[in-house]
Amino acid sequence: MAATGEALTPQGYIQHHLTNLSVGEGFWTWHIDSLFFSVGLGVLFLWLFHSVGKKATTGVPGKLQCFVEMIVEFVDNSVKETFHGRNPVIAPLALTIFVWVFMMNFMDMVPVDWIPELAAAAGIPYMKVVPTTDLNITFSMAIGVFLLIIYYSIKVKGVSGFVKELTMQPFNHWAMIPVNFLLETVTLIAKPISLALRLFGNLYAGELIFILIALMYGANWALSTLGVTLQLGWLIFHILVITLQAFIFMMLTIVYLSMAHEDH
């Protein structure tokens, strides 16, 4: 249903669920819903982990503390196995990326009509609840990682070392500098693009399948045995997808930053 209460066609239903609540025009368009949920989930992550860390005890931990400690240990081991430099920022960064991306992905587990219908009842025409199905969000995170790659490459290798890496690899000859620069620049730029598009593509496709299942059985899909089976089946499979995508984004970030710390 649209915010006006009018029935939507199948195409309109899909388009409505894939449209962001936006303000502004052109380059200065702001997706309010994506910003709200991504920032809100980031604040929730910081508050939750800070609270658990503050209340942590040396005795028998509670379930929440045990869960948080398992995540922290898992990320810490991943960093130790993958990152070959020395930088106290990498482990906290990896933990933030993994948990934050997972929480944004997890919004895909909420039935597709619940929050948009509540928003429509409040007079809000559009409400897209999964931030990682928005290219603006995935690209902003990828660009953040890209800037860190550039920063640590220059910090560790110096400006001359960074320039040499772009111009003298893979062919170590002055005559091949233009070719090297082209190849290395494409490789460098491909890192944030691949990070952003991989996460966006997988979550967008998953969200679209939930929408199509809901569209097949209408608002009463929960009363249909096949509808419930399809929704639960895809939900169970999609839990693996959202976890894997958060893990991949974290691991690629660690790998890229480890490469930036390698001084040849």
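I looked up F210 and W234 and found both buried (under 20% relative accessible area; exposed is over 50%, partly exposed in between, with a 1.4 Å probe and protein chains only). The model is predicted, with local features needing pLDDT of at least 70 and side-chain atom pairs pLDDT 80 or more, while totals for chains, interfaces and linings use all residues. Residues are numbered from 1 along each chain, and side-chain values use heavy atoms, without hydrogens and water.

**Rings.** I noted the rule: rings of Phe, Tyr and Trp (its six-membered ring) pair if their centres lie within 6.5 Å; planes under 30 degrees apart are stacked, over 60 edge-to-face, the rest tilted. I count 10 aromatic pairs by this rule. The rings of F200 and Y204 have centres 5.2 Å apart and planes at 40°, so this pair is tilted. F200 is buried at 17% relative accessibility. Y204 is partly exposed at 27%. The rings of F210 and W234 have centres 6.4 Å apart and planes at 65°, so that pair is edge-to-face. F210 sits in helix 7 and W234 in helix 8 (residues 225-260), 24 residues apart. Helices here are DSSP runs (H or I, at least four residues), numbered from the N terminus. I also found F74, F98 and F247 linked into a cluster by ring pairs.

**Helix 5.** Which residues of helix 5 are buried? I listed P116, A119 and A120 in helix 5 (residues 114-121). Their directions fall within an arc of 100° seen down the axis, so they line one face of the helix (the arc is taken from the helix axis to the C-beta atoms). On the other side, W114, L118 and A121 are exposed. Just after helix 5, G123 takes a positive phi of about 90°.

Methods:
Helices (H or I, at least four residues) and strands (E, at least two) are DSSP runs, numbered from the N terminus.
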